[in-house]
Amino acid sequence: MREKIIAGNWKMNLSIPEGVKLVEDIEHYLAKRPLQTKVIVAPSFTHLYSINQLNCLHVKLSAQNCHESKKGAFTGEISPLILQDLGVQYVILGHSERRELFGESDALIRAKIEQCLSMKLKPIICCGESLEERRKNKHFEVVKEQLNTALYGLQEKSLKECMIAYEPVWAIGTGETASPEQAQEMHAYIRRFLGSICHYNETISILYGGSCKPSNAQAIFSQKDVDGGLIGGASLNSEDFIELIHLRELM
Ligand code: PEP
């Protein structure tokens, strides 16, 4: 069975005390009820130490990025080795903001994926098309190219540790969401693609991301191939995030 997942990408938001309080609130909620849904948060690197000190049993830690090398002369970068020390289990890779604003290529993202897998960190691999690419009906082609470069040729034992997040760029932080049908169509396509490169296509979780919030999540989470959400804005306050966890659990 595929895991149900709710992951929060905090981006460059929240002070350290605010982040700690948010995780405490989520952990408190999860401690009171056993849920199947796995809950992950991805704070800034600077917050990881304090949040790891909470010794949460339910909330898992992700990083928002990492360097493709284990260590070395890379001023300002963060190594997967250091992330391990901080209790991190997941790393978001290939987010569209990293691709667009920091020039990350498919090849660089592949190198990061391989390094994370070698360090037993699970990659949450983002893919998704721009508005222009969707208008030109190129969305399937674009996502296939991104995922092919990210994953083709990896060993099955590595592939089964990966998670995919489909995040149409036009829906990220814009308030515009993919329709449930658009999400399902792309998730089913991704699952078929995964089936062409490994035997784990029915067990790899595929998350939807892009302006997902309590008011639209139910329709998206009820789609057959949507296993959960990668949540930006709505992961920054405990009410919305807990509501999303609750909705994912119910669907
Ligand atoms: C994201 O950046 O991964 C994201 C999904 O953001 P938002 O929910 O704010 O659109």
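Asp-25 is partly exposed, at 26% relative accessibility. (Buried means under 20% relative accessible area, exposed over 50%, partly exposed in between, with a 1.4 Å probe and protein chains only.) The model is predicted: local features need pLDDT of at least 70, side-chain atom pairs count only at pLDDT 80 or more, and totals for chains, interfaces and linings use all residues. Residues are numbered from 1 along each chain as its sequence is written, and side-chain values use heavy atoms, without hydrogens and water.

The partner of Asp-25 is Lys-21. The two form a salt bridge, with the closest N and O atoms 3.0 Å apart. (A salt bridge is a side-chain nitrogen of Lys or Arg within 4 Å of a carboxyl oxygen of Asp or Glu.) Both residues sit in helix α1, residues 16–32. They are four residues apart there, so about one helical turn separates them. (Helices, H or I, at least four residues, are DSSP runs numbered from the N terminus.) Lys-21 is also partly exposed, at 46% relative accessibility.

## Other salt bridges

The count of salt bridges comes to 17. One of them joins Arg-98 to Glu-104, with the closest N and O atoms 2.9 Å apart. Arg-98 is partly exposed, with a relative accessible area of 21%. Glu-104 is buried, at 6%.

Lys-160 and Glu-161 also pair through their side chains, at 3.4 Å from N to O. Lys-160 is partly exposed, with a relative accessible area of 41%. Glu-161 is partly exposed as well, at 27%. Elsewhere, shared partners link salt bridges into one network of Arg-2, Arg-191, Glu-202, Lys-224, Asp-225 and Asp-227.

## The ligand site

The ligand is surrounded by 13 residues. By class, the shell holds three nonpolar, eight polar and two charged residues. (Ala, Val, Leu, Ile, Met, Phe, Trp, Tyr, Cys and Pro are nonpolar; Asp, Glu, Lys and Arg are charged; the others, Gly among them, are polar.)

Glu-167 places a polar side-chain atom 2.7 Å from an oxygen atom of the ligand. Gly-232 comes in through its backbone: an N or O atom lies 2.9 Å from a ligand oxygen. Gly-233 likewise has a backbone N or O atom 2.9 Å from an oxygen atom of the ligand. Taken alone, the ligand exposes 290 Å², and the protein buries 95% of that. (Areas come from the Shrake-Rupley method with a 1.4 Å probe.)

Terms used:
Near = heavy atom within 4 Å. Polar contact = N/O pair within 3.5 Å; in protein donor to acceptor, adjacent residues only side chain to side chain. Helix = DSSP H or I, 4+ residues; strand = E, 2+ residues; numbered from the N terminus.
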